[in-house]
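Keep the structure open beside you as you read.

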Amino acid sequence: MAVQQPAAGHADPRDELAARLRLLQELSGRGVRALARDADLSSSSLSRYLGGQTVPPWSAVIALCRLVKRDPRPLRPLWVRASSSLAAPPKTSRQVQPPSPPAGAPRPPRNDLPRDMPDFTGREAQLAAVLAAVDGSRVVAVDGMAGVGKTCLAVHAAHRLADAYPDAQLYVDLHGFTAGREPLDPDPALRTLLAALDVPSEKIPQEGGIEALAACWRSELAHRRAVVVLDNAADADQVRPLLPGAGPTVALITSRNRLLGLDEVPPVSLDVLSPHESAELLARASGDPGGPDGRLARDPESAAEVLRLCGHLPLALRLAAARLRHRPGWTVGILVERMAEGATEFDTAFAMSVRQLDRAQRRFFRLLGLLPGSTFDEYVAAALADVPLRGAGAMLEDLLDAHLVQQPAAGRYRLHDLVRQHARRAAAEQESKPELEQALGRVLDYYVHAAAAADAAASYLSPAREVTAGRPPAALPAFTDKHSALFWFTTEYANLMAVFEAAATAGADVHVCELPRFMRAFFARRCGTTHLNVLFEHSLAAAQRLDDPLQLAEAHSDLGFARYNAGRMAEADAAYEAAAPLVSGNTRSTAELTMRRGYLRWDEGHVEEPLGLFRRAGELYADAGCPMGTAHATAYEAWALLQLGDRENAARLAREALSLPHTDPAWPPTLTARITLGVAIADEKPDEAMEHLEQALASAREDGHKHNEAWCLNCQGVALRQMGRYDEALACHRRAFALLDELFEEHWKIHFLDGYAETCRLAGLPEEALRLHRQALDLAPKLGYRFAEALAHEGIAAALDETDPPAAAEHRTAAQAVLQDLIPQP
């Protein structure tokens, strides 16, 4: 019997040839590796032939045809056409990442949806109910027992809806019923969803709890047409904050429980498939041709037993079908025998799939059940199993073929909850306790070392000290720049939190100490301070158990810095006091602590003490051989001198900080020094000043840091005012404050109000200047910014000199009283 001629109308003969080769593979009933072995081909080459990336030699086509007893001659014309088209650009394999868009280009809409099942079967009534519910109320809850196909239905419906909701297609696993994991709290779930929408961290509330985050989420969705799949919810309380508010976005929820607490959300409950639908799914998923020649038709009793053993559950049916598809020599009766050896429908199906793997693959699969997180990549899988990266990738592909691993996105893998449960049970039964502990230890080692590598690439803070926790893994992801590092942190955020919990539970105190330290830069950019405070609280407890003075000192210092960023000044001061006697033997750590104490003292309104601390920090960094740290201290000292009116020394120190080149123009010392220098020389060298300020603004915008963008704009306003360009100055100030209003960052305004008000006064807007100074006077005492309080009194006095001299005198007296408290008198 000859191979059929290709259908007409295909544009690319390579596609047609690849499709015919895949038909040959289906006829053979073999997996890629088995087919390659029997045809005397390499499996990697065969994969490229089947995927259309490479045109095979004619001898390979002949070998494949002979294996299935088909005449290759009808394929010869198609092969000739495909070979003659080799000058066309090659296709990209699924392992190759698409090129990054050019800088500044808009990013495509986010699509996190898992792959739609090509053998989706039945569920016509339920699918219609889901789509009708979405059309009517924009939210629907799909509930049902484990393995019944809730996620499959929701994802299928989401794909159907994607064209009508083009702004984003989001998916998040809430882990309501994931073995070994607590359900995902609404807080990290909301942060994950907001990050998926590329919402800047500066716009994500750090205070106000779940209500504030949920309000931000609803606000972001209000102007988007998006479809959101909230999979595997534990209960109504978990999912309620994640629901969209006003606007066109739709949400599809799945849960094993009926979410009775969501009165406004229509439910769609799934039962098992009907016998007819189960039989259809088994036939489609197994590739059975049907008719009297099909294996299922030849043994209807065994086929019915397979359906019974699978409980008519789609997940179990697909696993059973996969064995038939890849084992053409099996009868359906053999499949029943293998399935009957297990204890439950799920375990029999899973164990039957696992038994088809070789010894190394079975061990690899069992260990995957130990991973603390949700999705994972080949790097952590390689570290977990202590195998080479290439070997881990190959085994993951084998597990994908066996439907034991899912691939929700390119390069990311996950285990279904039920598969994970089976893997964990198998690992507990077949691996020794020391082996399990060592495997978990390798995962903890991997994440600490990977976080350290990503932190070094981010370059926002001075690098943390070297990793001492565990051993470095054989392979780590390549972080080419800060953007790839931050993308990794965003992708792995939920896993990092789960790994931290696992380390704390396992008593891995060094890991508990060090992992948050390497996440500080990420938290500063994407997650705020709330969680970081909690992490460092655990780190401090771990350091106390270790009884390591340096670890304890750094834990106190890190917790103090987290407290400082959260506005908890007294607690920050107490933590720094505890750290001070413990860091005396380590110059680098002493320098960092000194710098942090300078930030705290300056924001509290002191003047002489923080300047001395910045200078001392610069000296200590120099002694430690850390010129970047010295530049950071110098730049901040320059900024402080500028606020005190010492422009000459501020400019000198800013130029000194800029003399140390850095590859990242948004690096904090560079940004601080450019802003300081631009304002300091605005009177004498306006062109150079504006060049520095424009470079700083461009860097902040490229970096996506809205707070720094507002800072740059406000300082441009100050510089333009000094040049007498009042209209331009006012425009800059207003743009800066519009950014802060957008970010809901009222407390940041204390840094900008005095400059904005002074510009208004000199531009002939005294009432506006007075309003801004009074706003600063109201805000400064609440925040503890005494120096800003003095400036507000001085500004009000200047605004009232002509209209109300007695009141102006009172405010000047108040300003002097504050300054006498802050500045030591000779």
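Begin with Val227, whose bridge partner in strand E5 is Val250. This is a predicted model, so please read each position as a computed one.

Now step back to see the whole sheet. Six strands form an open sheet in the order E1-E3-E4-E5-E2-E6, with parallel pairing. At the edges are strand E1 (110-111) and strand E6 (267-269), each of which pairs on one side only.

How many of the six residues of E5 are buried? Six of the six are, so E5 is largely enclosed by the rest of the structure. In a regular strand, side chains alternate between the two faces of the sheet. In E5, Val250, Leu252 and Thr254 lie on one side, Ala251, Ile253 and Ser255 on the other, and all are buried, so that both faces are covered.

Which helices accompany these strands? Helix H7 (residues 150-161) lies across strand E2 (139-143), strand E3 (168-173), E4 and E5, and runs at about 170° to E5. Helix H8 (residues 186-196) also packs on the sheet, where it touches E1, E3 and E4. The direction of H8 makes about 155° with that of E3.

Let's move on along the chain to helix H26 (residues 549-565). At the start of H26, a side-chain oxygen of Asp548 comes to within 3.0 Å of the backbone nitrogen of Leu550. Just after the helix, Gly567 takes a positive phi of about 80°. Because 14 of its 17 residues are buried, H26 is largely enclosed by the rest of the structure.

Another helix to look at is H32 (residues 668-680), which holds Thr676. Is Thr676 buried or exposed? Its relative accessibility is 0%, so Thr676 counts as buried. Leaving out residues up to four places away in sequence, Thr676 touches Ala635, Ala638, Trp639, Leu642, Ala650 and Ala654.

Next come the nonpolar cores. The largest has 78 residues, and those with the most contacts inside it are Tyr564, Met595, Tyr599, Ile675, Cys712, Cys715 and Ile750. Beyond its neighbours within four places in sequence, Ile750 is in contact with Ala776, Leu779, Ala780, Leu783, Tyr785 and Ala788. Apart from this core lies another, of 75 residues, including Leu368, Ala452, Tyr493 and Val512.

Finally, zoom out to the chain as a whole. The protein chain has 39 helices and eight strands. Its C-alpha trace spans about 105 × 60 × 55 Å along the principal axes. Of the 826 residues in the chain, 54% are buried. Among contacts between residues at least 6 apart in sequence, 67% join residues at least 24 apart.

Conventions: Residues numbered from 1 in each chain as written. Predicted model: local features only at pLDDT ≥ 70, side-chain atom pairs only at ≥ 80, totals over all residues. Heavy atoms only, no water. Core = buried A, V, L, I, M, F, W, Y, C linked by side-chain atoms within 4.5 Å. Buried < 20%, exposed > 50% of the residue type's maximum accessible area, 1.4 Å probe, protein only. Contact = heavy atoms within 4.5 Å. Pairing = 2+ DSSP bridges. Helix = DSSP H or I, 4+ residues; strand = E, 2+ residues; numbered from the N terminus. Axes fitted to C-alpha atoms, helices over the stretch in contact; angles between N-to-C directions. Polar contact = N/O pair within 3.5 Å; in protein donor to acceptor, adjacent residues only side chain to side chain.
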